[in-house]
Amino acid sequence: MKIAASTLFIYLGLLQHHQQSLHAAAQDAGLDRSPSPSLEMPDNAASSASSFTGSIPSIPLPAPPVSTDPPALNSPAPIDSGSGSSHNNNNNATYGSPQPLEPPASLLEHTDAASRLCPPKYLDPSVINNRAIPTNNWWGNIIAHDSGSKIQPVWSNPYALQVVADLAPFGLAVSYPYRSRVSGGTSGNSGANRYYAHGILREFMFSSSEFASTKPEFRVLDWADQGVTVQLKSGAGKLESDLVSGMVYTTAKYTSLSPKLTSTAAISSVNGKAARSGDVFRGSKFEVSYNSGQTWVVYALSSDGTSDKEISLTVDGGSSLKASGSFNGILRTALAVENSWVPTLDTYRSCIVQGASVSPESDAAYSFNWKTMGNCASGLLHYAMAHHMDSMDASGSGPQKVAGMVTHSTTRGSFQAYATRPSSTLVWKFSETQQVPSDFYPARKVPPSVIQSQRILEHLRTDIVNTDWSIPKGGSYYFNGKAAQKYASLCLMANDAAIVGQDKSLLSQCLAKLRTVMLPFVNNGWANKLQYDRVYRGIVSSEGYKKNDLNADFGNTMYNDHHFHYGYWIHTAAMINLLDPSWSELNKLNTMANLLVRDVANFDDRDKYFPRFRSFDWFRGHSYSHGVTPLADGKDQESSSEDVNFSFGMYMFGKVTNQRDMMNVGKLMTRVNAHAIKTYFLMEDQNQVHPPNFRPNKVTGIFFDNKVDYATWFSAEKYCIHGIQMIPVSAVTEFVRTKQFVQQEWDQVLSREKIVTSQDTGNAWLSLLYLNYAAVNKNKAMGVLQKAKMDDGLTRSWALYMAASFSD
């Protein structure tokens, strides 16, 4: 389909650097390079005289992975793959575990300091102090702490949404950003661009005549696992909307307001009739075509959404439709990318999605339980992502794919419309077949000949006995966590009879040192103690409050990167439970680790002390890194490997501590996360999610909702851009980074890097690149790993051990 659109006047602004370097070699190092700038359209861009033409390709989806888990070692908590822990459709599940308790003040000081440093904005008084507040959700920009009055956009996809509450015209703006995609920069990888991004336009906006004279008050009223309810209020008049990931229609419920539908483009026709200022159109359906080449279909419904409701709209000034008087009812709009979509949009117009609860059903199954209003007898129409299609149950009473109804998100490829079947339950069910490990140890034992030839036991003894271990009390929770998991992994090796035989003396020495360095974690004895934040409700570093610095420790205090930071500690705690079950401080260790799991991935509906799944987005299949300050391009994620390190660590911790619910949810998250990472973050040659001029980069870099930037927050070097997607290396690594991907990444990018061609063994990043390369050529890789400087989260013995475990 060819689309005519107005000339795009794209203004390059400075990206807001609220998020500090996640992985800098030193915490106080400056940024080597800023990510590419964000893009924003001026409000009048779409009404410019010129136009361009472009085609929207049809993007095929990858085939679903089919595999089975390797045999598991004996588990203290057997997995019931049939049912596991489940939430009911009302999202009010109860679990076998005790009622969640408030974090003990004797361990974690309780604080309200966030109300001074970084309080949320625009929350309705009814939710303040009554609920845990989401910090890393996709819609977080609309409550983000900021001194300005402008609210940054959010991306439900395929739409971008912006609450306009700073300058008139006020309202809720909707756009389809895919049409304004631009690419820029040069990565040096086979002619690939360094980034692609999208402009911000107000292509369709719900407003009202009352907002023209009185600035409305904006409030966030409510939220669910998938969705948020917002309100613009002027006197007795209200405009309310539920914003939900993947929604086909954007909906506005009007109460005692006179609707005004505005656009930055000029109206060409309404219901096929040429539109001029002053023309009046009456009905309950309006096909509004603009000179931008877009057609937005508008529906008018009763306040409960169950029936059509007529309204009179007058063309006002060429780019607005204005109601003649006060209206109590619902207006909905959907973009008809193709004219053939209109009958489908008509069919499902009265089934209004308000949100969804996520129900983990077992370690391999979950569901989205859609909350709706209106008349849903015909079913719910909603968009699905690529990884959803691989695992969705579309048989029997499951949702049906709507043929030909494919649209495009900003950064996650094509979205396919699905419709639930008439009179069926409004649920999407998923069965996730992604293979994941069932143990800490690699799937294959290292042969004795390789242990001897690579001197693995000798290196292990050096790393344990002859190396000083240090976790500084004043250090970063991120870097300290990396060190903790590094040391615990050595003890894991010292427990492997393939390496040490029946000799447990090395394990005893390892555990003795590990207990010592872990005591500050167990007792919260750090210089910058962890505290329980009573404002958002979570566990944060006190460093940001002490220094009055949002970016201290990479923004931990403002909820940046908790799944990265705490994933290392949880993974470490899991290994200690396996290796040192009689340690006198084990209960204290587990108390702290359980609190960190709750902070990042609270899955218990009864737990009011933490938000549900702070970091992990079940719709998108991966976590978000950024916390409570706004970003012009939306929430982001950089290190996909540290994301899955958290979920795998949670799975293992639940398993070794006999916490069945945590084990099942953690394993399920690991499956979904690994699937999403392979789909969106690591680009094999056949990847169809990202544009062709970006795919040769092989990894995404910083992955925003509105932009993908082949970069890091801390360095422009390619070995950093790729290496940050490799750490830490554990049993789960090979399940995410396939042999085919590793080979392509090496051949097309990494083998050409100077540190590889010159064998720069003094650069610690080389150790990560070659440990990754061991998946396809372990003999060559082990030769380099024998002499390369090790990354700060890696030891030589662990690097050789993992490299040797890869299949030939």
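Arg614 is buried, at a relative accessible area of 1% (buried means under 20%, exposed over 50%, partly exposed in between, with a 1.4 Å probe and protein chains only). Its partner is Asp599, and the two side chains meet in a salt bridge at 3.1 Å, N to O. A salt bridge here is a side-chain nitrogen of Lys or Arg within 4 Å of a carboxyl oxygen of Asp or Glu. Asp599 counts as buried too, at 0% relative accessibility.

Keep in mind that this is a predicted model, where local features need pLDDT of at least 70 and side-chain atom pairs count only at pLDDT 80 or more, while totals for chains, interfaces and linings use all residues. Residues are numbered from 1 along each chain as its sequence is written, and side-chain values use heavy atoms, leaving out hydrogens and water.

Let's look at some other pairs. A search of the whole structure turns up 31 salt bridges. In one of them, Arg179 pairs with Glu203, with the closest N and O atoms 3.9 Å apart. Arg179 is buried at 13% relative accessibility, and Glu203 is buried at 5%. Arg219 and Glu217 also pair up, at 2.8 Å from N to O. This time Arg219 is partly exposed at 22%, and Glu217 is partly exposed at 40%.

Now zoom out to the whole chain. Of its 808 residues, 64% are buried. The chain holds 21 helices and 37 strands, which are DSSP runs numbered from the N terminus (helices: H or I, at least four residues; strands: E, at least two).
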